[in-house]
Amino acid sequence: MKLMKDKVAKLSFVALLISMIAAMFYAPTASAHGEKSQAAFMRMRTIHWFDLHWSKEEVAVNDTMTLDGKFLVFAGWPETVDKPEVSFLNIGIPGPVFIRAGSWIGGQLVPRSVSLELGETYEFKVLLKARRPGDWHVHSMMNVQGGGPIIGPGKWVTVTGSMKDFVNPVTTLTGQTIDLESYALDNVYFWHAVWFAIAFAWMWFWIKRPIFIPRQLAVAAGKADSLISAGDKKSSDDFCCRYTCFGSRFNDFYQRQIPSNHSAASWFVAWYENLSNARIYRFCQS
Ligand SMILES: [Cu+2]
């Protein structure tokens, strides 16, 4: 019996080795179109995509292509999925390999969500500008609030060229032309570094002293109060107040937003943030 067990163990080990080596030498690329992975009721009773047409199979970085076609909003929409009252025409691609330069439903520009009628057929068009070289699946997609992304058919499109050459110029409301691809990146890095440094200092303040086990022992011994000194409390108040104010002041200075496809949403976020910042600021001043 012992001999048998040893043999099985030995053979299993050899099998494991062989499969590891095989995986090292042969690893095929995964390749699939995801629309069929959706639940049947999502795929067959929501949005029916048809007559789809991809204008190009190969496109150079900075060049554009369109995906157009029609979709029927199924009259027997499932009860378990919210009605498509807030729907956003999108594109199913692996990350920002294209940018969506424009999208239309029935000839109407739809940069934001729209409400769709059950039983209606719509024509749509999406204009895409190539950004990252590679072979990509390009799918039509409808994001339905309360329903999730409803993906349509996809097709391989090859993007050629170099991502270094990609530009995304926009003219702001003040007439300035900027490249969204690289706009204010130095500033982004700078402020991330500043906040990381502050966050790290704050964490260091607490973790440089003995942490988990000694503190747990102190709590168990009923000496929890001795763990946080009056000095700690003072520094915490100071730290919290100073940096929240600092943050809210800088948010105020950099309030001017970049126009985007979601400008109404970003305007609302900016307004809301500013409102709460103003409250915090007043609180800190008092
Ligand atoms: Cu696909």
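**Core contacts and sheet arrangement**

Residues up to four places away in sequence aside, Ile47 touches Phe71, Val73, Met142, Ile150 and Gly152, contact being defined as C-beta atoms, placed from the backbone, within 7 Å. The structure is a predicted model, in which local features need pLDDT of at least 70, side-chain atom pairs count only at pLDDT 80 or more, and totals for chains, interfaces and linings use all residues. Residues are numbered from 1 along each chain as its sequence is written.

Ile47 also belongs to the largest nonpolar core, which has 22 residues; Val126, Met142, Ile150 and Val159 are likewise among those with the most contacts inside it. Such a core is a set of buried Ala, Val, Leu, Ile, Met, Phe, Trp, Tyr and Cys residues joined through C-beta atoms within 7 Å. Two or more residues each are given to this core by strands S3 (64-73), S7 (121-130), S8 (134-144) and S9, strands being DSSP runs (E, at least two residues) numbered from the N terminus.

Strand S3 also contains Met65. Met65 is partly exposed because 19 other C-beta atoms lie within 10 Å, whereas a buried residue has 20 or more and an exposed one 12 or fewer. Met65 and Leu128 are 63 residues apart in sequence, yet their C-alpha atoms are 5.3 Å apart in space.

Four strands form an open sheet of mixed pairing in the order S2-S9-S8-S4, where pairing requires at least two DSSP bridges between two strands. S2 (58-60) and S4 (87-92) stand at the edges with a single partner strand each, so one side of each is left without a neighbour in the sheet. Strands S2 and S9 (residues 148-160) run parallel and are joined by three bridges; Glu58 has Thr158 in S9 as its bridge partner.

Key. Contact = placed C-beta atoms within 7 Å.
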